[in-house]
Amino acid sequence: MNVPTLAELTAKGESPEILFWVGCAGSFDDRYKRVTKAFVKIMHALEIKFGVLGTEESCTGDPARRAGNEFLFQMQAMSNIQVLNGYGVKKIVTACPHCFNTLKNEYPELGGNYEVIHHATFLQQLINDGKIKLKDGHAFKGKKITFHDSCYLGRANNIYEAPREVLEALDADLVEMKRCRTTGLCCGAGGAQMFKDAEKGKKEINTERTEEALATGATTVAVACPFCMTMMTDGVKSKEKEAEVKVKDLAELIAEANGL
Amino acid sequence: MIQQVVFAIVLLGFSYFIARRIGLISKGIQLGKQTPLTGDSSSRWKNVLLIAFGQKKMFKRFIPAVLHFFIYAGFLIINLEVFEFIIDGLAGTHRFFAPYLGSIYPVLMNVFEFLAVAVLLSCVFFLIRRNVLKVPRFWSAEMTRWPRLDANTILVVEIVLMFAILTMNATDQLLQSRDAHYTATGSLFFSSFLMPVFENLEIGSLILVERFAWWFHIVGILGFALYVTYSKHLHIFMAFPNTYYARLEPKGQIHNMPVVTQEVKSMLGLAEASTTPPTEPGRFGAKDVNDLSRVNLMAAFSCTECGRCTSECPANLTGKKLSPRKIMMDTRDRVEEVIKNGGKLDDGKSLLGDYITKEEINACTSCNACVEACPVMINPLDIIIELRRYVAMEESGSPASWNSMFQNIETNFAPWKFASSDRFNWAKDQA
């Protein structure tokens with residue numbers, strides 16, 4: 001896969017319009033790497049010029065801040081801002097709502113001002129502009145899909161419609177869970193929960209949410225966040241439904257529907 | 001004359017105690033840190049108008065919203081009548097506004113009576129919801145005896161007060177027909193149903209009942225106003241400032257700590273020539289109520305313990321100890337305790353530890369469901385993050401897996417244990 005880094009592009013005297021912020025999950029998590037690649041394929045197919053930071057990228061600090069370690073968060077933020085400002089980055093697209101939220105809302109106060117877009121919105125814009133055209137007879141046409149709202153996209157940043165518009169473009173049968181949009185139930189991994197075991201309780205949060213998703217009868221659970229991806233995939237597995245129900249990211253759905 | 005003097009004394013007495021409580025509560029809130037207000041005031045006023053005054057967020061749950069709206073409208077409008085009560089009480093007049101308002105007066109009285117009945121029925125329905133239907137959010141763990149009693153007391157007092165108004169109007173109408181001294185109000189629809197109860201009383205008893213109901217209502221209202229300052233019911237006032245001061249930033253944004261920014265900048269050699277002398281950093285995060293912001297503490301006094309936050313909290317729903325409502329109740333209880341101590345915080349207790357445990361704050365997914373659910377824009381997450389900051393930065397007492405996560409970020413620049421040099425390997429993989 002040919003993905004240019006900002007370092008290479010700068011050496012060639014180019015500066016791409018868009019930085020694709022891959023994020024830690026998108027870089028290291030085997031499942032989410034597939035989302036990263038799906039997104040890159042879409043960008044390549046549309047001949048959108050973009051670059052990544054490659055090994056110069058580093059955690060935004062989101063989990064550190066939410067776990068209370070403000071020092072570590074700000075260390076991360078400031079060094080990232082140095083890199084981003086050094087390359088003169090103006091526009092960032094990311095497939096992680098946590099990175100999105102941090103870059104968009106929390107970096108400006110520390111000197112990092114960029115136009116930050118989550119890939120759900122980015123894909124929606126490409127669809128609206130007629131740049132992404134879906135082929136007829138793809139696998140998701142008329143199939144039941146339910147969308148699981150990521151807290152950091154939804155409540156945190158009021159993005160509810162963009163991911164749904166992407167799914168509607170697939171001409172799928174979009175079914176909503178009982179708790180959706182502003183009342184969407186968390187997958188259980190936000191606020192740095194991804195990085196520790198849950199406290200004692202009577203149920204895992206992702207089990208609760210998976211039951212709700214399965215109750216819709218959807219064969220695809222669409223997500224737009226790496227943590228939701230992990231939690232929902234684990235949930236479906238624990239219910240032994242992984243053969244019938246797939247958990248997929250928006251970018252994967254669009255890429256697959258286009259045979260990319 | 002004697003009635004007027006007694007009334008003046010009663011009014012002064014209650015005013016004194018209410019003013020004293022207001023003073024104490026405001027001192028309590030001022031234990032918190034002053035934080036700068038960001039954003040424009042027009043958005044803040046819009047929140048006050050839409051969310052506090054217009055009850056926009058209540059209408060997410062329609063039936064309780066309508067009933068609550070009756071009580072709310074009743075409270076606002078019937079209190080206009082209390083104004084007349086006070087004038088009558090001090091001046092020794094009877095229905096002071098009647099001559100000035102002429103034919104509008106009976107219309108107004110009928111509107112008040114309609115609201116009184118609506119309030120009464122709503123309160124009855126709310127009592128049933130709480131105690132018979134047992135709506136779960138009114139019975140969760142933090143709803144111990146006092147919060148449950150508090151809620152029921154408020155509802156019962158409101159029913160009794162509304163009943164007093166209707167009794168007063170019923171006997172008053174009977175008196176009007178027997179004694180020209182009583183200002184004619186015309187027929188009042190709802191209270192006329194009560195007239196048969198008192199019809200056979202002689203005039204002396206009728207006057208007694210009418211006076212008793214009048215006194216009962218006004219003293220009841222004054223007593224209630226004082227009680228409210230000790231109760232969860234304080235939201236009837238605090239909802240307004242609370243929606244004004246509620247943050248306007250996107251919910252996902254956690255507020256910055258400028259003290260840390262300063263230190264981090266100097267560590268990275270980015271420090272600009274310091275214009276301000278280094279200030280004593282104080283405590284990082286919050287251990288006790290004085291480490292929280294005044295907005296946080298005000299929010300605690302605005303909470304009416306409705307539990308919409310807790311009923312939406314993913315941690316609470318799955319049986320964890322965390323309850324956002326409890327975070328707010330504990331914060332208020334601790335402030336009240338400090339007020340009782342005369343403002344002293346060194347009583348060997350603190351918000352974190354004695355009221356809120358680490359187990360609770362660690363369970364939060366920062367999903368903002370509680371913030372979204374709150375009808376008066378309280379933000380329990382803000383307090384949870386401050387407590388976590390204290391635990392992480394002052395105590396290094398975060399859960400072990402979080403400490404490893406911190407270490408991973410420090411050394412590998414990712415929360416997982418992967419070498420940062422491998423970060424770009426995904427592009428090398430076969431598609």
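L76(B) counts as partly exposed in this predicted model, because its relative accessibility is 36%; here buried means under 20% relative accessible area, exposed over 50%, and partly exposed in between, with a 1.4 Å probe and protein chains only. L76(B) sits in helix α3 of chain B, where helices (H or I, at least four residues) and strands (E, at least two) are DSSP runs numbered from the N terminus. L76(B) also takes part in a nonpolar surface patch of about 610 Å², together with L49(B), F53(B), I77(B), L80(B), V107(B) and V111(B). Two or more residues of the nonpolar patch come from each of α2 (41-53), α3 (62-91) and α5 (104-131) of chain B. Among these, α3(B) gives the most, with three residues. Patches of this kind are made of residues with over 30% relative accessible area and no salt bridge, like charges being joined within 9 Å and nonpolar side chains (Val, Leu, Ile, Met, Phe, Trp, Tyr) within 5 Å.

Residues are numbered from 1 along each chain as its sequence is written, and chains are lettered from A and ligands numbered from 1 in the order in which they are written. Because the model is predicted, local features need pLDDT of at least 70 and side-chain atom pairs count only at pLDDT 80 or more, while totals for chains, interfaces and linings use all residues; side-chain values use heavy atoms, with hydrogens and water left out.

The secondary structure of chain B consists of 19 helices and zero strands, and its C-alpha atoms fill a box of roughly 95 × 55 × 40 Å along the principal axes. Chain B has 431 residues, of which 51% count as buried. Its accessible surface comes to about 20100 Å², with 66% belonging to carbon and sulfur atoms; accessible areas come from the Shrake-Rupley method with a 1.4 Å probe, and for residues only the protein chains shown count as cover. When contacts (heavy atoms within 4.5 Å) between residues at least 6 apart in the sequence of chain B are considered, 74% join residues at least 24 apart. Chain B carries 42 positive and 38 negative charges, and their mean positions are 4 Å apart. Lys and Arg count as positive and Asp and Glu as negative, without His and the chain ends, and each charge is placed at NZ of Lys, CZ of Arg, CG of Asp or CD of Glu.

P36(B) belongs to the loop between α1 (2-29) and α2 of chain B, and P36(B) is exposed, with a relative accessible area of 72%. P36(B) and L174(B) are 138 residues apart in sequence, and their C-alpha atoms are 59 Å apart in space. D172(B), by contrast, lies in helix α6 (residues 145-178) of chain B and counts as buried, at 0% relative accessibility. Leaving aside residues up to four places away in sequence, D172(B) touches H94(B), R95(B), Y182(B), T183(B), T185(B) and E210(B).

Two loop residues of chain B stand out by their backbone angles. Q55(B), in the loop between α2 and α3 of chain B, has a phi near 55°, a positive value in a residue other than glycine. Q55(B) is buried, with a relative accessible area of 5%. N368(B), in the loop between α16 (358-362) and α17 (369-373) of chain B, has a positive phi of about 70° although it is not a glycine. N368(B) is buried as well, with a relative accessible area of 2%.

Charged pairs complete the picture. Over all chains, the structure holds 43 salt bridges, a salt bridge being a side-chain nitrogen of Lys or Arg within 4 Å of a carboxyl oxygen of Asp or Glu. In one of them, R164(A) pairs with D149(A), with the closest N and O atoms 2.7 Å apart. R164(A) lies in helix α8 (residues 161-169) of chain A and D149(A) in the loop between β5 (144-147) and α8 of chain A, so the pair ties together parts that are 15 residues apart in sequence. Both R164(A) and D149(A) are buried. E210(B), one of the residues touched by D172(B), forms a salt bridge with R211(B), their closest N and O atoms being 3.0 Å apart. E210(B) counts as buried, at 1% relative accessibility. K326(B) and D330(B) meet through their side chains in a salt bridge of 2.6 Å, N to O. Both K326(B) and D330(B) lie in helix α14 (residues 324-340) of chain B, four residues apart, about one turn of the helix, and both are buried. Elsewhere, salt bridges that share partners join D62(A), R65(A), R66(A), E70(A), E106(A), E386(B) and R389(B) into one network.
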